[in-house]
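This briefing looks at a sheet and its strand pairings, and then at the nonpolar cores. Please read it alongside the sequence and the structure shown here.

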Amino acid sequence: MAPLKEDKLPEQLSMNAVQLKVGDLDTMSTYYQQALGLEVLKESAAGTSLGRGAETLVELTPAPGLQLPARGEAGLFHTALLFKTQADLAATVLSAAQYNQSSFVGSSDHLVSEAFYFTDPEGNGIELYFDRPRETWTWTGDQVSMDTIYLDPNNFLNTHLTEEAVTGQKQAGADVGHVHLQVGDVATAHQFYVQTLGFDQTAALGNQALFVSAGGYHHHMAMNVWNSRGAGPRKDTLGLGEVLINVPTQDEIGKIAERLDFAGVQNHHTGSELQFKDPWNNQLRVAVR
């Protein structure tokens, strides 16, 4: 049964900084600065926050005693950074491709967006993307049409890269557009993220992948089993530390806590934010933006 409207996440929901547990803080911080053009916004013994302008996009937390996760474990598939223009995207794609510790994975036209994929020095996936205008997206009922069509990176750069975008790269805005997770199975992901948490399903690939959002976005989160089918709860490893979701009011946090309580999902409401885990021990936090 579909969730009632009052059980849905608010339309104004947005994703915020993704926390990564890292083994080599210096190497990782340098990567996000030089390859992705992020700037250090805060630095302390607890870690380093990097972003664009005042917007924190990635938080690096040192965890030198932990091991890298195995390929088949649940956890992070990629953090997706959303750029406001194709020129801004092109400038960061260029710097990421030129950085010697950056691994280019591929590029795709998804109909709703144009995306480029990389991995950082500790194997965390990164998507750099630009959204096509919403009025060009095609919906069938409440499901959005997405595809994976080859996108020629050289042609994209030749078409959209500008000298102004290159020189102003670090000043160009960016956001965490969505977060994509590796999970053990899609049915359990649907039960948790749609039925319990209150996201809308916007697309699905059978028992392989699920895409969910609030407010008619193509997806704020996604879950797939491409590397991790059958995976159980995560061990404490390097990689994903926490996913931060922003909602507009404290009332919305209270509603989410009630839904989690009703479903028997353990959570901690601090009075200002809500902390809980999904079925694979991925840590999530909901706070007012």
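In this predicted model, strands E2 and E3 (residues 47-52) pair in the antiparallel sense over 5 bridges, and within that pairing Glu 39 has Gly 51 of E3 as its bridge partner. The points below place this pair in its sheet and then turn to the cores.

**The sheet**
- An open sheet of mixed pairing is formed by 8 strands, which follow the order E2-E3-E4-E1-E16-E19-E18-E17.
- Strand E2 (39-44) and strand E17 (267-269) stand at the edges with a single partner strand each, and therefore one side of each has no neighbour in the sheet.
- From one strand to the next, the twist averages 20°.

**Strand E19 and its partners**
- Because 5 of the 6 residues of strand E19 (residues 283-288) are buried, this strand is largely enclosed by the rest of the structure.
- Strand E16 (residues 239-247) pairs with E19 in the parallel sense over 5 bridges, and Val 247 has Val 288 in E19 as its bridge partner.
- Strand E18 (residues 273-277) runs antiparallel to E19 and is joined to it by 5 bridges, with Phe 276 standing opposite Leu 284 in E19.
- E18 and E19 form a hairpin with 5 residues between them, and Asn 281 in the turn has a positive phi of about 70°.

**Nonpolar cores**
- The largest nonpolar core has 66 residues, and Tyr 32, Leu 36, Leu 128, Tyr 193 and Met 221 have the most contacts inside it.
- Helix H5 (residues 186-196) gives the most to this core, contributing 5 residues.
- Leaving aside residues up to four places away in sequence, Met 221 touches residues including Met 15, Tyr 193, Ile 245 and Leu 284.
- A second, separate core has 9 residues, among them Ala 80, Leu 82, Trp 137 and Tyr 217.

Terms used
Residues numbered from 1 in each chain as written. Predicted model: local features only at pLDDT ≥ 70, side-chain atom pairs only at ≥ 80, totals over all residues. Heavy atoms only, no water. Pairing = 2+ DSSP bridges. Helix = DSSP H or I, 4+ residues; strand = E, 2+ residues; numbered from the N terminus. Axes fitted to C-alpha atoms, helices over the stretch in contact; angles between N-to-C directions. Core = buried A, V, L, I, M, F, W, Y, C linked by side-chain atoms within 4.5 Å. Buried < 20%, exposed > 50% of the residue type's maximum accessible area, 1.4 Å probe, protein only. Contact = heavy atoms within 4.5 Å.
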